[in-house]
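Trainee: I have a new model open and would like to walk through it with you. Can we take it piece by piece?

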Amino acid sequence: MSKKVLILSGSPRKNGNSSVLCDQFMQGAQEAGHRVEKVNVAEKRIGYCTGCGACQGKGACVQKDDMPEILKQMIAADVIVLATPVYFYTMCAQLKT
């Protein structure tokens, strides 16, 4: 059974190690018959949470950015793959946001 796979690549470097690993994973998943989408998070405009609480009252974030599109992809996916370089013992800021 084919799965819908979403890869969120946090690498700020276009051809960095994390990006290369994403591409190899994508290739393998496609060869296995799965549908795969890759999102380069560093290329998206995503605002960080300000803790304003508007999402709790309105049910949606007040930020006008690319996150609603990515969130739809995440909800539709059967599998979500997170790939990140490790900076200072944690994931990169692009993926944290």
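Trainee: Is D23 buried, exposed or partly exposed?

Mentor: D23 is partly exposed, with a relative accessible area of 36%. Buried means under 20% relative accessible area, exposed over 50%, and partly exposed in between, with a 1.4 Å probe and protein chains only. Before we go on, this is a predicted model: local features need pLDDT of at least 70, side-chain atom pairs count only at pLDDT 80 or more, and totals for chains, interfaces and linings use all residues. Residues are numbered from 1 along each chain as its sequence is written, and side-chain values use heavy atoms, with hydrogens and water left out.

Trainee: Okay. Which side chain does D23 meet in a salt bridge?

Mentor: That of K38, at 2.6 Å from N to O. A salt bridge here is a side-chain nitrogen of Lys or Arg within 4 Å of a carboxyl oxygen of Asp or Glu. D23 sits in helix α1 and K38 in strand β2, so the pair links distant parts of the chain, 15 residues apart. Helices (H or I, at least four residues) and strands (E, at least two) are DSSP runs, numbered from the N terminus.

Trainee: And how exposed is K38?

Mentor: K38 counts as partly exposed, at 23% relative accessibility.

Trainee: How many salt bridges are there by that rule?

Mentor: The count comes to 4 salt bridges. One of them joins E43 and K14, with the closest N and O atoms 2.8 Å apart. E43 lies in the loop between β2 (35-40) and α2 (54-58), and K14 in the loop between β1 (4-9) and α1, so this pair ties together parts that are 29 residues apart in sequence.

Trainee: Are E43 and K14 buried or exposed?

Mentor: E43 counts as exposed at 52% relative accessibility. K14 is exposed too, with a relative accessible area of 62%.

Trainee: What does E69 pair with?

Mentor: The side chain of E69 meets that of K44 in a salt bridge, 4.0 Å from N to O. E69 is in helix α3 (residues 67-76) and K44 in the loop between β2 and α2, 25 residues apart, and the pair links distant parts of the chain. E69 is partly exposed, with a relative accessible area of 45%, and K44 counts as partly exposed at 30%.

Trainee: Back to α1. Where is S19, and is it buried or exposed?

Mentor: S19 has its place in helix α1 (residues 17-31). S19 is buried, with a relative accessible area of 5%.

Trainee: What does S19 touch?

Mentor: Leaving out residues up to four places away in sequence, S19 touches S9, S11, R13, K14 and K38. Contact means heavy atoms within 4.5 Å. The S19 side chain also reaches the backbone oxygen of K14 at 3.0 Å.

Trainee: New topic: cysteines. How many disulfides does the count come to?

Mentor: The count comes to 0 disulfides. A disulfide is a pair of cysteine sulfur atoms within 2.5 Å.

Trainee: Which residues form the nonpolar patch on the surface?

Mentor: Y87, F88 and Y89, with about 510 Å² of accessible area together. Patches are made of residues with over 30% relative accessible area and no salt bridge; like charges are joined within 9 Å, and nonpolar side chains (Val, Leu, Ile, Met, Phe, Trp, Tyr) within 5 Å. Accessible areas come from the Shrake-Rupley method with a 1.4 Å probe, and for residues only the protein chains shown count as cover.

Trainee: Where is Y89?

Mentor: Y89 is in the loop between β4 (86-87) and β5 (90-91), and F88 is found in that loop as well. F88 counts as exposed at 80% relative accessibility, and Y89 at 84%.

Trainee: What about phi for F88 and Y89?

Mentor: F88 has a positive phi of about 50 degrees although it is not a glycine. Phi of Y89 is near 70 degrees, also a positive value in a residue other than glycine.

Trainee: Last one: where does T97 lie, and what does T97 touch?

Mentor: T97 lies in the segment after α4 (93-96). Not counting residues up to four places away in sequence, T97 touches I46, G47 and Y48.

Definitions and conventions:
A polar contact is a pair of N or O atoms within 3.5 Å; within protein, one must be able to donate a hydrogen and the other to accept it, and residues adjacent in sequence count only if both atoms are side-chain atoms.
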